[in-house]
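Here are a few notes to read alongside the picture. Keep the structure open and find each spot as you go.

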Amino acid sequence: MAIVNFENKALTVNPLKQSQALGASLAFLGLKGTIPLFHGSQGCTAFAKVVLVRHFREAIPLATTAMTEVTTILGGEENVEQAILTLVEKVNPEIIGLCSTGLTETRGDDIEGFLKEIRSRHPELNHLAVIYAPTPDFKGALQDGFAVAVESIVKEIPQAGGVKPEQVTILAGSTFTPGDVQEIREIVTAFGLEPIFVPDLGASLDGHLEDGYSAMTVSGTTLKQLRSLGSSAFTIALGESMRGAAKILQEQFGTAYEVFSDLTGLEPVDEFLQAIAVLSGNSVPEKYRRQRRQLQDAMLDTHFYFGAKRVSLALEPDLLWSMVAFLQSMGSQIHAAVTTTRSPLLEKLPVKSVTIGDLEDFEELAIGSDLLIGNSNVKAIAKRLSIPLYRLGLPIYDRLGNGQFTKVGYRGTMELLFGIGNLFLEQEESLVMNPSSLITNS
């Protein structure tokens, strides 16, 4: 059991967390024919767009209600209405993901009331799905906003229907990259099941060329698929943050669910494949049996470099849980753990303590580590402390291929093993070449 520390500072120094609105927009980007709409100032939307574009290196469709000082004081209903009508006229999306921001949440705009009045004045919008996610950026973090958006999606869109035995709903949390989603889809379909991912970032942000430009998402979970979620025989929630959405589907349609907090490492992947085998009634395909043996060999090859290494992590809670379990399974020690927001997982972490704080806290706690794990904003800290950095999370703006990076399943675990193992290997080689550097981290 970990002791959860809350840093009681007057301000955040060098922020680790990203906003809830950014997380919600990321979730909406996994739906086809969708454009996220930020109810706030233009700067809120511009910041989120820059972060996502730099991370994925893709065109990111985001829109804003463009609140000004005057409209903030008088109320934003007119801005919301005009933004929706403009998007319908120019883009004609199937879904609009409406995200609130700190500006409008502080004022207390009744957005749900706005939407009812807008629909009553414009019956031509009856075909349009407008999903509202309350995401004030003065509390919570990216993971919270992502979860709120998914909960809003499964609460608003699905409809009851006859159960389809092969259809399963997979709620993929913010921890899982587009590459992860693709790997999970390949695993589940190999057992003869038909997965519907909510959201499906593996289709929308995997980095592929389209025939032409579109101002909204051109791939992802379709509106038809979302409406059919009530017919799924089972729900698989990937990440503790997806438990709330799974409960909503259970309450609405009686769909049983199971939460998998981790799909990285030998034991978690074994448990997932066993569950899928039981669910489908089919045995584990031979290719995954071979991948398992390959992972076992990779673990034997790399465990010399992981053993007793001190690792410090600055990650969102779901991802922190996964990486702590993975590193400890390889014999590494968790030197420091810093995260962004509250989670039921934090107290269950098998470490002495975990801090909900910022990168200033992380820099102080990470002194003496052999490796740092965090997003690209940790780069300056790694340089100051002369400690290698393994980039993980969001944003990563100084590496290519973030959309295709995979860390789940047997193959993804091997990719992670070799990536981190190579950093440890380089570290050992540098110590052989320059023994005096031992003094730096001692």
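1. Arg243 and Glu240 form a salt bridge, and their closest N and O atoms are 2.7 Å apart. Keep in mind that this is a predicted model. Are the two partners buried or exposed? Arg243 is partly exposed, at a relative accessible area of 29%, while Glu240 counts as buried because its relative accessibility, 13%, is under the 20% cut-off.

2. Take Asp200 and Arg185, where the closest N and O atoms are 2.3 Å apart. This one links distant parts of the chain, with the partners 15 residues apart. Asp200 sits in the loop between strand E7 (194–198) and helix H9 (201–204), and Arg185 belongs to helix H8 (residues 178–190). Asp200 is buried at 8% relative accessible area, whereas Arg185 is partly exposed at 23%.

3. Now look at Lys309 and Glu428, whose side chains meet in a salt bridge at 3.7 Å, N to O. Here the partners are 119 residues apart in the chain: Lys309 is in the loop between helix H13 (286–306) and strand E10 (310–314), and Glu428 is in helix H17 (residues 409–433). Lys309 counts as buried, with 12% relative accessibility, and Glu428 as partly exposed, with 32%. Elsewhere, salt bridges with shared partners tie Lys9, Asp358, Glu360 and Asp361 into one network.

4. Time to zoom out. The chain splits into domain 1 (20–139), domain 2 (157–284) and domain 3 (287–434).

5. How much area do domain 1 and domain 2 bury between them? About 1,600 Å², with 72% of it on carbon and sulfur atoms. Gly30, Leu31 and Lys32 supply 28% of the area domain 1 buries against domain 2, more than any other three residues.

6. And what holds charges across that contact? The count of salt bridges between domain 1 and domain 2 is zero, but seven residue pairs are in polar contact there.

How values were computed. Residues are numbered from 1 along each chain as its sequence is written. This is a predicted model: local features need pLDDT of at least 70, side-chain atom pairs count only at pLDDT 80 or more; totals for chains, interfaces and linings use all residues. Side-chain values use heavy atoms; hydrogens and water are left out. Domain bounds come from an automatic or database domain assignment. Buried area is the accessible area (1.4 Å probe) that two parts lose on being put together, summed over both. A salt bridge is a side-chain nitrogen of Lys or Arg within 4 Å of a carboxyl oxygen of Asp or Glu. A polar contact is a pair of N or O atoms within 3.5 Å; within protein, one must be able to donate a hydrogen and the other to accept it, and residues adjacent in sequence count only if both atoms are side-chain atoms. Helices (H or I, at least four residues) and strands (E, at least two) are DSSP runs, numbered from the N terminus. Buried means under 20% relative accessible area, exposed over 50%, partly exposed in between (1.4 Å probe, protein chains only).
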